[in-house]
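The following paragraphs lead the reader through one protein chain. Please consult the sequence and the structure shown here while reading.

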Amino acid sequence: MTERDYYEVLGVARGASPEEIKRAYRKLAFEHHPDRNPGDKAAEEKFKEAAEAYDVLSTPEKRAAYDRFGHAGVKGGAAGGPTARGFENIEDIFRSFGDIFGGAGGSIFEDLFGGGGGFGGARRARGRAGQSLKVDVTITLDDVHRGVEKTIELRRREACAQCKGTGSKAGTKPKTCETCGGQGVVVSGRGFVRIQQTCPRCHGEGTISERNCPACGGDGLLERRREITIKIPPGVEDQTQFRLAGQGDASTHGGPTGDLYVVVHVQEHPYFQRRGADLFGEFPLSFAELSLGTKIDVPTLQGTASVTIPKGTPSGKVFRLKGQGLPSSDGGSARGELHVRVYGEVPKKLTPRQEELLKEFAEIEKKQGTRTRGFFERFRGMFTE
């Protein structure tokens, strides 16, 4: 693929001053930063491209070689000259900016974002982010109806109180790792083939303790049991995931704390099935009640509701009760409906008198022929155009 001109990438003239180059890169880095464009591969590639262009044009030696020989002058160390950094991934860029801008304090991302939020070069200076945790919480349909508070018990790693998370014994300070020079990674190979690995000595921290803290053994973290209370809003759906920022494991060397993810599971209800904010239930009625009509009180999550059953109601008829469902999951004031399906219940045992009355009823039906005529008329209709 044809490589773009570095001046064109940054949008500056060939005679641009170092300040103009830095200013142009600031703009592009902010625009295409992956934290501002999550999941956008195109933005990520532009972020890498801008980083490579800035690396070359902000370094006098590399810029001179590029101005004279173009990309060939800074690719693969041609003729023993300077080599452009081949950024393989975003973290590689973050780790490299400290050197490009004279240490973490001069990182362009600390200038842009105040060193917060885990952006850019500040990630290496502040340590790796703590691990995020996940817990599962089970609630009832009644909890969904009202909303509920749940207390979660978990064990998480927190900064050691004795060494403040440094891992070093009191009165001593971590020193820069000599193996990686504080970068946290070691790179082997030359030219186009480079292998980057986590530093085996400091395990990616960039620093090592001369004398380990006796409380945490140099880890900087200790496991603690914690209880956290969370509010689950009304209308929450099954498998909903909540993110509690900064409630996960702590990080070493002052890095950002991980997050806690809470996954909500809604128990099945003994009477109702749920579809979004609507509830569905069934209510048994006798043959006499369906035929003669009646008034029934059906259970709801809010108590009971009265439903009038007209005469001649067929088994399977559904009655909709507005406002007797669940709150909307989007926090709106509208509530779902309760769908009550009535069905005829056949008694398993009959008294002699009940049998007598049903036989009499059957004889009357037979004489009237209502059911028989209706059945054969429908059957005959299946074969009629």
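Predicted model: local features only at pLDDT ≥ 70, side-chain atom pairs only at ≥ 80, totals over all residues.

Asp55 and Lys62 are joined by a salt bridge, in which the closest N and O atoms are 3.0 Å apart. In general terms, side chains of opposite charge can pair when their charged atoms come close.

A second pair of this kind consists of Glu158 and Arg156, whose side chains meet in a salt bridge with an N to O distance of 2.9 Å. Glu158 counts as buried at 16% relative accessibility, and Arg156 is buried as well, with a relative accessible area of 14%.

Arg320 and Glu337 provide a further example, their side chains meeting in a salt bridge at 3.0 Å from N to O. This pair links distant parts of the chain: Arg320 belongs to strand S14 (residues 318-321), whereas Glu337 is found in the loop between S14 and S15, 17 residues apart. Glu337, by contrast, counts as buried at 14% relative accessibility. Elsewhere, salt bridges with shared partners connect Arg4, Glu8 and Glu49 into one network. Over the whole structure, a search finds 21 salt bridges.

These pairs are set in a protein that has 11 helices and 15 strands. Of its 385 residues, 36% count as buried. The accessible surface of the protein comes to about 23100 Å², and carbon and sulfur atoms account for 50% of that area. Among contacts with a separation of 6 or more, 62% are between residues 24 or more positions apart.

The discussion now turns to the nonpolar interior. In soluble globular proteins, nonpolar side chains tend to be buried together. The largest nonpolar core contains 34 residues, and the members that touch the most others are Ile139, Leu141, Ile232, Val298 and Leu321. Apart from this core lies another, of 21 residues, among them Val9, Ala16, Leu28 and Val56. What does Leu321 touch, once its neighbours within four places in sequence are left aside? Leu321 is in contact with Val298, Ala305, Val307, Glu337, Leu338 and Val340. Glu337 in this list is also the salt-bridge partner of Arg320.

Strands S12 and S13 can be examined next. S12 (residues 294-300) and S13 (residues 303-309) pair in the antiparallel sense over seven bridges. A hairpin of two residues joins S12 to S13, and Ile296 stands opposite Val307 in S13.

Strand S15 (residues 338-344) includes Val342. Because its relative accessibility is 1%, Val342 counts as buried. Leaving aside neighbours within four places in sequence, Val342 is in contact with Phe283, Leu285, Leu290, Ile309, Thr313, Pro314, Ser315, Gly316, Lys317 and Phe319. The C-alpha atoms of Val342 and Gly281 are separated by 8.8 Å, although these residues are 61 residues apart along the chain.

Leu10 counts as buried because its relative accessibility is 5%. Beyond its neighbours within four places in sequence, Leu10 is in contact with Ile21, Ala24, Tyr25, Leu28, Ala50, Ala53, Tyr54 and Leu57. One of these residues, Leu28, is 18 residues from Leu10 along the chain, and the C-alpha atoms of the two are separated by 7.4 Å.

Phe361 is a residue of helix H10 (residues 352-368).

Definitions and conventions
Residues numbered from 1 in each chain as written. Heavy atoms only, no water. Helix = DSSP H or I, 4+ residues; strand = E, 2+ residues; numbered from the N terminus. Core = buried A, V, L, I, M, F, W, Y, C linked by side-chain atoms within 4.5 Å. Buried < 20%, exposed > 50% of the residue type's maximum accessible area, 1.4 Å probe, protein only. Contact = heavy atoms within 4.5 Å. Pairing = 2+ DSSP bridges. Areas by Shrake-Rupley, 256 points an atom, 1.4 Å probe, with all protein chains shown as cover. Salt bridge = Lys/Arg side-chain N within 4 Å of Asp/Glu carboxyl O.
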